[in-house]
Amino acid sequence: MKFDLHSHTVYSSESKWPFESIIKPLQMIKTAIKVGLDGIAVTDHDTLKGAIECMKIVRRRKLSLKIILGVEITSEIGHILGLNIEDWDVRRGMGIEETIDVVKERGGIVVPAHPFASNPFRKGVREYIGKFDFDGVEVLNYHTSREDNEKALRAARKIGLGITAGSDSHIISDIGNVWVFSDDDDIINSILKGRTKVVGNEMSNLGRYTYQLNKILQLSRIFSA
């Protein structure tokens, strides 16, 4: 089973900045199915709106794609993924311990997003990764350098946590470029038991240029529609 466990829809723009992501929920679903994913975690910034909308579409159309409700939470220290939660009405900027407690109270698991990312706009928890009760570690983020992802993988192995991967998609062409493989369709349980593998490669330098070009092209289509 293939799962992309980090993605963003247009709802991320509500809590971040305009055009943070330009993927509409229906586009997210259609593309995830087209590229062969079995499931996708929709993890907009500090809101569940996009994930809930994707879930509604899948149920209404009776599609087989599994939607994992998630949020990329802006904690006091860095970005944290809350996966498998059903409600989120919490403020930004909580401490890590409080963030973890709130996610787990809502039945979710807690995974630091791109924990060692060098990009200051994609802030990770870095050295705090081994000091708190995380459930897994994102060790392959498509938009993060190989060096920074390898630091995350070493940290996960040292701590003994399950591993995850996500495209961190903000444009359609990013979806499913990296993914988590699991023998079980219960991906949450697989993460907790350390039974996941990550597949794919980080964005190349050429890919970073192409990403910006693709975003401009897709934005131009939106404005010209």
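Which strands does H3 lie across, and at about what angle does H3 run to E3? The legends below take us there, step by step, through a predicted model.

Figure 1. The chain has 225 residues, and 53% of them are buried. Now look at the contacts in the chain with a separation of 6 or more: residues 24 or more positions apart account for 68% of these.

**Figure 2. Seven strands make an open sheet.** Follow the strands in the order E5-E4-E3-E2-E1-E8-E9, and note that their pairing is mixed. Strand E5 (109-112) and strand E9 (197-200) stand at the edges with a single partner strand each, so one side of each has no neighbour in the sheet. From one strand to the next, the twist averages 30°. As a reminder, strands of a sheet pair through backbone hydrogen bonds, and they may do so in a parallel or an antiparallel way.

**Figure 3. Strands E1 and E8 pair in the antiparallel sense.** Here you can find residues 2-4 of E1 beside residues 178-181 of E8, paired over two bridges. Look for Phe 3, which stands opposite Val 180 in E8.

**Figure 4. Helix H3 lies across two strands, E2 and E3.** This view answers our opening question: H3 lies across E2 (39-45) and E3, and runs at about 175° to E3.

**Figure 5. Val 42 is a residue of strand E2.** Is Val 42 buried or exposed? Its relative accessibility is 0%, and because buried means under 20%, Val 42 counts as buried. Leaving aside residues up to four places away in sequence, Val 42 touches several others, among them Ser 7, Thr 9, Gly 50, Ala 51, Cys 54 and Ile 67.

Figure 6. Where does the lining come from? Helix H3 (49-61), strand E3 (66-74) and helix H6 (187-192) each supply at least two residues. The largest share, four residues, comes from E3. Sorted by class, the lining has eight nonpolar, one polar and five charged residues.

Technical notes. Residues are numbered from 1 along each chain as its sequence is written. This is a predicted model: local features need pLDDT of at least 70, side-chain atom pairs count only at pLDDT 80 or more; totals for chains, interfaces and linings use all residues. Side-chain values use heavy atoms; hydrogens and water are left out. Ala, Val, Leu, Ile, Met, Phe, Trp, Tyr, Cys and Pro count as nonpolar, Asp, Glu, Lys and Arg as charged, and the others, Gly among them, as polar. Two strands pair if DSSP finds at least two bridges between them. Axes are lines fitted to C-alpha atoms, for helices over the stretch in contact, and angles run from 0 to 180 degrees between N-to-C directions. Contact means heavy atoms within 4.5 Å. Buried means under 20% relative accessible area, exposed over 50%, partly exposed in between (1.4 Å probe, protein chains only).
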